[in-house]
Amino acid sequence: MENIKKNDLRVFKTKRAIKETFKILILEKNYEDITVKELTDRAEINKKTFYRYYASLDDLLLETQNEISKEYLESIKKYKVPDDFDKMNREFYLFSEKKGEFYEKITSDINYNYIRQKMINNVMNTTFSNSEKVNNLADYEKDILISYMQAATLSIYKYWIKNKKRISLEKIINLSYKLVYNGISSLFDK
């Protein structure tokens, strides 16, 4: 029994080292420029060990995406679209802030569109498919709504990151909610 626990701990530590090293490399360079050799050298493991857990870097990336999506979905599971959009919007920014530079890069950098889109699709499909109000819309209305919300929210988030978060977290949350949910006229209403 103790041997199994030691092995489980060893697996956990090895996978954690792989993931942490992967995140550091993502911050330093584009995904396409990362090699398994570089990752394993930095993580101080051999390539065989890496391949015991992942068939490729793409598998590691996919697992990372799924973990981030799952964690975010867990944080918003009690909210319903569209009734709780204000809370979901707030949670998006709080979650993003908590996840740090790695998340900022894969969410904001143009080189990571393919990574970001998979996470967005997973989140949007899960949250919107659970909404009776959204499901009552025509398919084209649902598609446009999802497209609008993800594009607008992400655009505001990218702006905030690009401008080094000069606007306070609270202000960007409120501005994002006002614009995305209430529209442009909300900025000019008294």
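## Glu 91 in helix α5

Leaving out residues up to four places away in sequence, Glu 91 touches Tyr 72, Ser 75 and Ile 76, where contact means heavy atoms within 4.5 Å. Glu 91 is part of helix α5, residues 85-99. Helices here are DSSP runs of H or I with at least four residues, numbered from the N terminus.

This is a predicted model, in which local features need pLDDT of at least 70 and side-chain atom pairs count only at pLDDT 80 or more, while totals for chains, interfaces and linings use all residues. Residues are numbered from 1 along each chain as its sequence is written, and side-chain values use heavy atoms, with hydrogens and water left out.

Glu 91 is buried but has no salt bridge. Buried means under 20% relative accessible area, with a 1.4 Å probe and protein chains only. A salt bridge is a side-chain nitrogen of Lys or Arg within 4 Å of a carboxyl oxygen of Asp or Glu. The nearest side chain of opposite charge to Glu 91 is Lys 98, 5.7 Å away; Lys and Arg count as positive, Asp and Glu as negative, and His and the chain ends are not counted.

## Helix α6 and Lys 105

Seven of the eight residues of α6 are buried, so this helix is largely enclosed by the rest of the structure. The buried residues are Phe 102, Tyr 103, Glu 104, Lys 105, Ile 106, Thr 107 and Ser 108.

Not counting residues up to four places away in sequence, Lys 105 touches Ile 26, Leu 27, Glu 28, Lys 29 and Tyr 112.

## Packing of α6 and α7

Two packed helices are described by the angle between their axes and the distance between the axes. For α6 (residues 101-108) and α7 (residues 113-129), the angle is about 95° and the axes are 7 Å apart. That makes α6 roughly perpendicular to α7, a term for angles of 65 to 115 degrees.

Ile 106, Thr 107 and Ser 108 of α6 meet Ile 115, Arg 116 and Met 119 of α7. By class, three of these residues are nonpolar, two polar and one charged.

## Met 119 in helix α7

Met 119 of α7 is buried, with a relative accessible area of 7%. Apart from neighbours within four places in sequence, Met 119 is in contact with Gln 65, Ile 68, Ser 69 and Ile 106. Met 119 and Ser 69 are 50 residues apart in sequence, and their C-alpha atoms are 5.7 Å apart in space.

Notes
Axes fitted to C-alpha atoms, helices over the stretch in contact; angles between N-to-C directions. Helix = DSSP H or I, 4+ residues; strand = E, 2+ residues; numbered from the N terminus. Parallel < 35°, antiparallel > 145°, perpendicular 65-115°, else oblique. Nonpolar A, V, L, I, M, F, W, Y, C, P; charged D, E, K, R; others polar. Buried < 20%, exposed > 50% of the residue type's maximum accessible area, 1.4 Å probe, protein only.
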